[in-house]
Each structure stands twice: as structure tokens, then as C-alpha cells.
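Colleague: I would like to learn how to read a model like this one. Could you take me through it feature by feature?

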Amino acid sequence: MEEKNSKVINWINGNKTGPLSIEIWPTNRCNLKCAMCGTRISQRNLLKQGINAQFEEKKEIQEERLLSIIEGGSRLGVKNWLLTGGGEPLIRKETTLRLMNEIKKRNMFGNINTNGTLLSQDDINKIIKMKWDLIMFSLDSADEKAHDFIRGIDGTFKKSFKSLQNFKKIKKELGINKPKIVFNTILHNKNYDRLDKIIEFASDVECEDITFIPLIEFDKFEKNITLNDEQKEEFQGYIGDIEKLSKQYNINTNISSLSNKGDRNNKSFLKFCFEPFLHLVIKANGEVTPCCMIDSIQENIKDKSITEIWYGEYFSELRKRFLEGNLLENCKNCVLSQAIRNEELQKELKNINLNISQDHF
Ligand SMILES: C[S@@+](CC[C@H](N)C(=O)[O-])C[C@H]1O[C@@H](n2cnc3c(N)ncnc32)[C@H](O)[C@@H]1O
Ligand code: SF4
Ligand code: SF4
């Protein structure tokens, strides 16, 4: 049985168990200005209330504390780590590289999501030599102009491309097959009809996997990149060809899950969520939640240990309400891939006869 299933079952049967994965946001700061970025949008909203997000640096978790979280997580049995944001994790490069080292020293699985613009050749050397597992490059177009337009800063595509080339070259030189390179590609009106180019580009730079992400509309964007209804319809017509092309190039994609067939795009299938049984997110200011979409001022890693938070009241309450299908307001923005994972887990658990007692959480 998959470990995520057995973790949920353990909880339901009254055996408390640690998280499977932890996500850390080292910072909310960033060197880019992406049109659609939720962090930038909330920083703009804070500014409207007179709160300057530049002071956020002072609220960031100190490096020593972050390193102790890796140790605490490892003691709780955590297997997978994701370093992301918030902002760009490599803005705190020294700290992020130390966290990566600590994760690998303890033989756990490491994944980092980055815009890919801040990696020097020396950094890439270190990352390959520590046998880091996975890098999710955010690449929104194979066309330089379109990518830079979305990311808000000229020269972004060239820098990410250079990093990708360096990974390919240095991995070969060192004879190390890690990290696996994958793309996170947001679907927007500058790329929805040119996804074939991204597949070809991915193949050139030895990217093995592409996750196409439907845009989450946090707010009105300064540059509107959302697909209109006509473009959404048109996009549906491309899915089959993109599926074929990705098979031809041997690149895994989630493109078929974006088909309108079934009711996935309206997320009506989103009824339950198992994140508080499996996952823990530590945001840049120390807030701890079960999912990147959820805000919580109730738990902060600066005040408590990771074990106290995981087995504490806030997570227990969420476990109870989520099992009852009572999700939170922000869940309406649930990332599609997350919602699909939850749906699959729910189906698998339905086949198992569980004696659910709410007292267990
Ligand atoms: C917030 S970023 C943090 C990591 C890093 N700065 C980066 O861009 O890769 C995490 C991921 O969220 C994606 N993202 C940003 N805004 C989004 C939106 N409105 N809808 C969906 N995904 C979004 C980014 O493209 C990136 O892959
Ligand atoms: S690079 Fe990442 S964190 Fe920075 S603005 Fe873009 S999406 Fe946001
Ligand atoms: S946004 Fe989705 S994954 Fe996150 S807590 Fe809500 S339902 Fe779960």
C-alpha cells in the first residue's frame, strides 16, 4: 500500500503518525515580478493597508531554526521536502543550499521549486554533487519574449535557459544522473496554443516531466494573462496533439487531466482533503498550515516545535473537519493537481472498510 494511504488509515484507526512531507518557504522576497504571483498580490494588498512587505525580511525564520526543522522533521519520519515560496528560495541562497545539504545528509528526498535565474555554475555543481533529487523550474513559455513578459523582468528566460544548460552539461561531466529536471508551466494566453514548443524545448534541455498549471486567479492581474472562454475552448482542441507529442518525446505531462471531459475543471469533485494527515507547510514568517493555500495565524514555528504543532489542536481540528468534507474558504482556489490527488486517495480509501471515530484526531 502506498505510504500516503497507510498514513491516513493509521490516523483513522487511532494511530497517530508523522507527516509524509514538509514544504518550507525560506522567504517571500523575489527578484522577479510575475504578473500572476499570489505573494506579490498579497504584498500589494498589504501596502494598501500601510504595511510595507520589505520589512518581511525581519520576520523570516533564522537559518539555525530552519536547520533544526529538518532535524525535527527527520525524527518525525518525514520522507519528502519541498523548498519553495512564497518568494524565490534562492534569494536566501546560502541558507537554502545549507537546507538542501542537511536534507540529503539525512538521506531524505529533496525537491526545490525555483525561477532558475539565480543559479551560478558553482551552485549547480554543488547541487549535483550533493545528489539533490528534483528541481521544478518555473518555465511559462519556450518563447523568450512571452516568458519575460509573464515573469515581469527582461532577461529572465536567458538566465533560466543558461541554468538548464549548465545542469545538462555538468551532470554529464560528473556522471551523476540527478537532479531530475521538471517544469511547472502555467497555462496563460501567451502559451496555450504553443505548448508543442515547450515540449520540444523540454526535450532539448533534458527536462523529463511537465506539469501544466491552470492559472489561479488571486486578483486582477496588472497584465491580464487569463484565457478567455474562446481560448479555453480552443485549448481543449490541442490536448490530444500535445499528449501525442509528449509521448513521442518521452516527456510525462498532466495534459490529459486538463480535459473538460469529466467535471475536473469546475472542481465539483473537490469534497474531501487529506493534506492535514500528510503535509505541513512552513511559511516565510513561520506560520504553519497543511497547505500553501491556507493562511493560519494560529501556529508559528518560532513558538513551538514541529512535533507540538503536528499533534496539536489546530491540525487535529482540521483533520476532523476535512474528513467531514467541511473545507475552508480558500479551498475554492485549490490547485487542480492537488484536488486530483485528494480525489484519488478518497476513492482508494472508500474501498477499505474503515471504522472512523472522530475521537482519534
Ligand atoms: C510562488 S512560486 C515560488 C517559487 C519560485 N519563485 C518560482 O517561481 O518557481 C511557486 C509556483 O507557483 C506558481 N504560480 C505563481 N503564481 C501562480 C498562479 N497565479 N497560479 C498558479 N500558479 C502560480 C509559480 O509559477 C511557481 O511554479
Ligand atoms: S518568481 Fe516565483 S515568487 Fe517570484 S514573483 Fe514569480 S512566481 Fe512569485
Ligand atoms: S486548497 Fe485544496 S489541498 Fe489545500 S487544504 Fe484546501 S482542499 Fe486541501
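Predicted model: local features only at pLDDT ≥ 70, side-chain atom pairs only at ≥ 80, totals over all residues.

Modeller: Residues are numbered from 1 along each chain as its sequence is written, and chains are lettered from A and ligands numbered from 1 in the order in which they are written.

Colleague: What is the strand order of the open sheet?

Modeller: Strands of a sheet pair through backbone hydrogen bonds, either parallel or antiparallel. Strands (E, at least two residues) and helices (H or I, at least four) are DSSP runs numbered from the N terminus, and two strands pair if DSSP finds at least two bridges between them. Here nine strands form an open sheet in the order E7-E6-E5-E4-E3-E2-E1-E8-E9, with mixed pairing. E7 (252-253) and E9 are at the edges with a single partner strand each, so one side of each has no neighbour in the sheet.

Colleague: Which strands pair with E1?

Modeller: E1 (residues 21-24) pairs with E8 in the parallel sense over four bridges, and Ser 21 has His 279 as its bridge partner. E1 also pairs in the parallel sense with E2 (residues 80-83), again over four bridges; there Ile 24 is partnered by Leu 83.

Colleague: Where do the side chains of E8 point?

Modeller: In a regular strand the side chains alternate between the two faces of the sheet. In E8 (residues 279-282), His 279 and Val 281 point one way, Leu 280 and Ile 282 the other, and all are buried. Buried means that 20 or more other C-beta atoms lie within 10 Å of the residue's own, exposed means 12 or fewer, and partly exposed is in between, with C-beta atoms placed from the backbone. E8 is joined to E9 (residues 288-289) by two bridges and the two run antiparallel, with Val 281 opposite Thr 289. They form a hairpin with five residues between them, and Gly 286 in the turn has a positive phi of about 100°.

Colleague: Which residues of H7 are buried, and which are exposed?

Modeller: Thr 156, Phe 157, Ser 160, Phe 161, Ser 163, Leu 164 and Phe 167 are buried. They lie on the same side of H7 because they cover an arc of only 160° around the axis, the arc being that of the directions from the helix axis to the C-beta atoms. The face turned away from that side carries the exposed Lys 158, Lys 169, Lys 172, Glu 173 and Leu 174. After H7 comes Gly 175, with a positive phi near 65°.

Colleague: Which residues are buried in H12?

Modeller: In H12 (residues 313-323) they are Phe 315, Leu 318, Arg 319 and Phe 322. Their arc of only 105° around the axis puts them on the same side of H12. Just after H12, Gly 325 takes a positive phi of about 80°.

Colleague: Which residues come nearest to ligand 1, and which are closest to ligand 3?

Modeller: A residue is near a molecule if its C-beta atom, placed from the backbone, lies within 6 Å of it. Of the 20 residues around ligand 1, Met 36, Gly 85, Ser 138, Asn 184 and Ile 216 come nearest. H2 (38-48), E3 (109-114) and E5 each give two or more residues to that shell. Ligand 3 is surrounded by 13 residues, with Cys 273, Cys 291, Met 293, Cys 331 and Cys 334 the closest.
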